[in-house]
Amino acid sequence: MHIHQYEKLWLGMSLLLIVGFIATITYGAVGVGVTMVDDSGGNVNPNALDEHPEFSDPGVEQVGENEYEAHVVARQFIFQPDPIVVPANSTVTFYVTSADVIHGFSVVGTNANTMVIPGEVSEVTVEVNEAGEYGLICHEYCGSGHHTMEGILRVVPEGEYNSSDGGEQ
Ligand code: CUA
């Protein structure tokens with residue numbers, strides 16, 4: 001059977017494209033750890049966050065020498081607490097849930113980026129080294145105020161961090 005050489009060329013290119021798609025997905029999953037939101041962070045009742053031991057009073061807690069946990073509630077159209085305050089040179093794991101609809105949680109300038117789904121707790125970890133401020137943005141359309149939904153992650157010099165205030169300053 002004779003196959004025209006252009007046909008061969010296109011066949012080859014479409015095969016390459018398929019291999020390329022598989023490679024990028026594999027790289028995303030294995031190389032940079034992109035995953036779907038799962039329930040590894042646990043489940044919560046979005047209607048009873050007020051009674052939840054952590055989410056009723058969201059904030060930052062020290063859990064290791066340079067390790068912190070931040071419980072964050074996303075709701076139309078704010079993040080609580082705001083700002084979220086942590087010391088420099090620390091590893092911060094965020095546990096984020098929603099009180100109402102699906103939101104996004106992205107720490108601008110880092111690779112922390114997750115969907116926030118009512119009933120589920122999204123977990124993302126960020127290392128912060130230098131003092132400064134990072135913007136937090138909601139990147140899932142969540143209603144009329146979506147474009148205004150933002151917050152601040154404030155990284156303060158280690159000596160200035162006061163853990164007793166639960167990260168609210
Ligand atoms: Cu919350 Cu968009």
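**A helix and a sheet**

Helix 1 has 27 residues, so at 1.5 Å a residue it should span 39 Å, and its end C-alpha atoms sit 37 Å apart, which agrees. The expected span is 1.5 Å times one less than the number of residues. Keep in mind that this is a predicted model: local features need pLDDT of at least 70, side-chain atom pairs count only at pLDDT 80 or more, and totals for chains, interfaces and linings use all residues. Residues are numbered from 1 along each chain as its sequence is written, and side-chain values use heavy atoms, with hydrogens and water left out.

**Helix 1**

- Helix 1 is hardly covered: of its 27 residues, one is buried (under 20% relative accessible area, 1.4 Å probe, protein chains only).
- Helices here are DSSP runs of H or I with at least four residues, while strands are runs of E with at least two.
- Tyr6 belongs to helix 1, residues 5–31.
- Tyr6 has 53% relative accessibility, so it counts as exposed (over 50%).

- Five strands form an open sheet in the order 4-10-9-6-7, with mixed pairing.
- Its edges are strand 4 (84–87) and strand 7 (113–116), and each pairs on one side only.
- Two strands pair if DSSP finds at least two bridges between them.
- Strand 6 (residues 103–107) runs antiparallel to its partner strand 7, and four bridges link the pair.
- Look for Ser106: opposite it, in strand 7, stands Asn113.
- In general, strands of a sheet pair through backbone hydrogen bonds, either parallel or antiparallel.
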